[in-house]
Amino acid sequence: SIEAIVLVGVPMLSSTTMMLQSNTLIISSIERLLAMAIHICLTVIVLISVRQRTFRYCMYALCIHAAINFTTAYVATFYSAVAAELILLLLVTSLTIYTIYIWRRNHNEKMEHVIK
């Protein structure tokens, strides 16, 4: 994504010392993959909101995004980048499970309306 290129790719290309530090490259790559997973889940949640013609799930997505950003920034600031990545992995896993749950629940409700 453009965000990944701007936030990780360009700064890494401009700094040769960062390119030599494989740990930084690995952590940055993992963080970008997890961020993409978050954005996919949040997009699905917004899609559910649009399909239901309700603003509720849009607000959920907005609050979830803010909470994830705050939590990982806090952990990275006061602990370490590795700790922040582990927290981010836990949050992404939880968000993925939640997204699958509400997707299935809303799909089943929609099918019940079609059957009746």
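View 1. Cys63 is partly exposed at 48% relative accessibility, a class that lies between buried (under 20% relative accessible area) and exposed (over 50%), with a 1.4 Å probe and protein chains only. Cys41, with a relative accessible area of 8%, is buried. The structure holds 0 disulfides, a disulfide being a pair of cysteine sulfur atoms within 2.5 Å. This is a predicted model, in which local features need pLDDT of at least 70 and side-chain atom pairs count only at pLDDT 80 or more, while totals for chains, interfaces and linings use all residues. Residues are numbered from 1 along each chain as its sequence is written, and side-chain values use heavy atoms, with hydrogens and water left out.

**View 2. Confidence along the chain.** The average pLDDT of the chain is 82, and 74% of the residues score at least 70; pLDDT is the predictor's confidence in each residue, from 0 to 100. Helices (H or I, at least four residues) are DSSP runs, numbered from the N terminus. Where pLDDT is low, the predicted coordinates should not be read in detail.

**View 3. Surroundings of Ser49.** Ser49 belongs to helix H3 (residues 22–52) and is buried, at 1% relative accessibility. With neighbours within four places in sequence left aside, Ser49 is in contact (heavy atoms within 4.5 Å) with Thr54, Phe55, Arg56, Tyr57 and Cys58.

**View 4. Surroundings of Asn106.** Asn106 sits in helix H5 (residues 81–115). Its relative accessible area of 11% makes Asn106 buried. Apart from neighbours within four places in sequence, the residues in contact with Asn106 are Ile48, Gln52 and Tyr57.

**View 5. Ile100 and Val44.** Ile100, also a residue of helix H5, is partly exposed, with a relative accessible area of 41%. Ile100 and Val44 are 56 residues apart along the chain, and their C-alpha atoms are separated by 9.1 Å.

**View 6. A nonpolar surface patch.** Phe70, Tyr74, Phe78 and Tyr79 make a nonpolar surface patch of about 540 Å². Patch residues have over 30% relative accessible area and no salt bridge, and nonpolar side chains (Val, Leu, Ile, Met, Phe, Trp, Tyr) are joined within 5 Å, like charges within 9 Å. A salt bridge is a side-chain nitrogen of Lys or Arg within 4 Å of a carboxyl oxygen of Asp or Glu. Accessible areas come from the Shrake-Rupley method with a 1.4 Å probe. Tyr74 lies in helix H4 and is partly exposed, at a relative accessible area of 41%.

Note on methods
Helices (H or I, at least four residues) and strands (E, at least two) are DSSP runs, numbered from the N terminus.
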